[in-house]
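Hi,

Here is the structure I promised to pass on. Have a look at it first, and then read on for what turned up in it.

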Amino acid sequence: MTITRVNHLKAADGKQQQMFNFLTELKNYIANSPGCVECQLLRNQDNDCAFVVIELWQDVESHRASLANFPQEDMQAAMSLFGEPPSGAYYQILD
C-alpha cells in the first residue's frame, strides 16, 4: 500500500520566486529518492505565496529516510524563505 504525503508551505513576502526555486530543487531530490513513486509541486492560483507538495511513497519509512538524507545546510539556508512553518501529513487511499 502506498502513502501520500501532503505538505503545505508558504513563502515569506517577496520570497515567492526564491521559494519556488528551492521547492523545485527539493521536488527533484524527492522524486529521485528511493521509495518515491511520484512528487508534484503546486502553486495556489490565487495566492502566489502558497505552495503544496504532494508526494506518493511506497511507505512512510522511505519518506522519513529521504528527509534524513536531505542536506541540512540546504534546508537551513532556505528557512528565511518561509513565511510560516510548513505543515504536512500522511494520507492513505481508501478503497
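Gln-76 is found in helix H3. This is a predicted model, so please read everything below as computed from it. If you want a distance to get your bearings, take Gln-76 and Cys-39: their C-alpha atoms are 22 Å apart in space, and the two residues are 37 apart in sequence.

Is Leu-81 buried or exposed? Leu-81 is buried, because its relative accessible area is 9% and the limit for buried is under 20%. Ser-80, on the other hand, has 49% relative accessibility and so counts as partly exposed, since the exposed class needs over 50%. Ser-80 and Ala-11 are 69 residues apart in sequence, yet 8.9 Å apart in space from C-alpha to C-alpha. For Leu-81 and Asn-28, 53 residues apart along the chain, the C-alpha separation is 18 Å.

Now to the aromatic residues. Searching the whole structure gives three aromatic pairs. One of them joins Phe-22 and Phe-82: the ring centres are 6.4 Å apart and the planes meet at 75°, so this pair is edge-to-face. Phe-22 belongs to helix H1 and Phe-82 to strand S4 (residues 82–91), so the pair ties together parts that lie 60 residues apart in sequence. Phe-22 and Phe-82 are both buried.

Another edge-to-face pair is made by Tyr-29 and Phe-70, at 5.0 Å centre to centre and 70° between the planes. This pair also links distant parts of the chain, with Tyr-29 in helix H1 and Phe-70 in the loop between H2 and helix H3 (72–78), 41 residues apart. Which of the classes does Tyr-29 fall into, at 23% relative accessibility? Tyr-29 counts as partly exposed, because buried means under 20%. Phe-70 is buried, with a relative accessible area of 10%. Ring pairs join Phe-22, Tyr-29, Phe-70 and Phe-82 into a cluster.

There is one more ring to point out: the charged end of Arg-5 sits over the ring of Tyr-90, 4.7 Å from the ring centre.

Phe-22 comes up again in the nonpolar core. The largest such core has 17 residues, and Met-19, Phe-22 and Leu-23 are the ones that touch the most other members. Two or more residues each come from S1, H1, strand S2 (36–43) and S3. Which element gives the largest share of this core? That is H1, with five residues.

Next, the spaces inside the model. The structure holds one cavity of 30 Å³ or more, and the volume of the largest cavity is about 40 Å³. Helix H1 (16–31) and helix H2 (60–69) each contribute at least two residues to the lining, and the largest share, three residues, is from H1. By class, six of the lining residues are nonpolar, one is polar and none is charged.

Finally, the largest pocket has a volume of about 280 Å³. Its lining has 17 residues, and those nearest the centre of the pocket are Asn-7, Leu-9, Leu-26, Leu-67 and Pro-86. At least two lining residues of the pocket come from each of strand S1 (3–11), H1, strand S3 (50–57), H2 and S4. Sorted by class, the pocket lining has eleven nonpolar, four polar and two charged residues.

Best wishes

Notes. Residues numbered from 1 in each chain as written. Predicted model: local features only at pLDDT ≥ 70, side-chain atom pairs only at ≥ 80, totals over all residues. Heavy atoms only, no water. 1 Å grid on protein atoms, 1.4 Å probe; cavity = no way out; pocket = protein on both sides within 12 Å on 5 of 7 lines; lining within 4 Å. Points joined across faces, edges and corners; volume = space filled by probe spheres on them. Helix = DSSP H or I, 4+ residues; strand = E, 2+ residues; numbered from the N terminus. Nonpolar A, V, L, I, M, F, W, Y, C, P; charged D, E, K, R; others polar. Phe/Tyr/Trp six-rings, centres within 6.5 Å; stacked < 30°, edge-to-face > 60°. Buried < 20%, exposed > 50% of the residue type's maximum accessible area, 1.4 Å probe, protein only. Lys NZ or Arg CZ within 6 Å of the ring centre and 35° of its normal. Core = buried A, V, L, I, M, F, W, Y, C linked by side-chain atoms within 4.5 Å.
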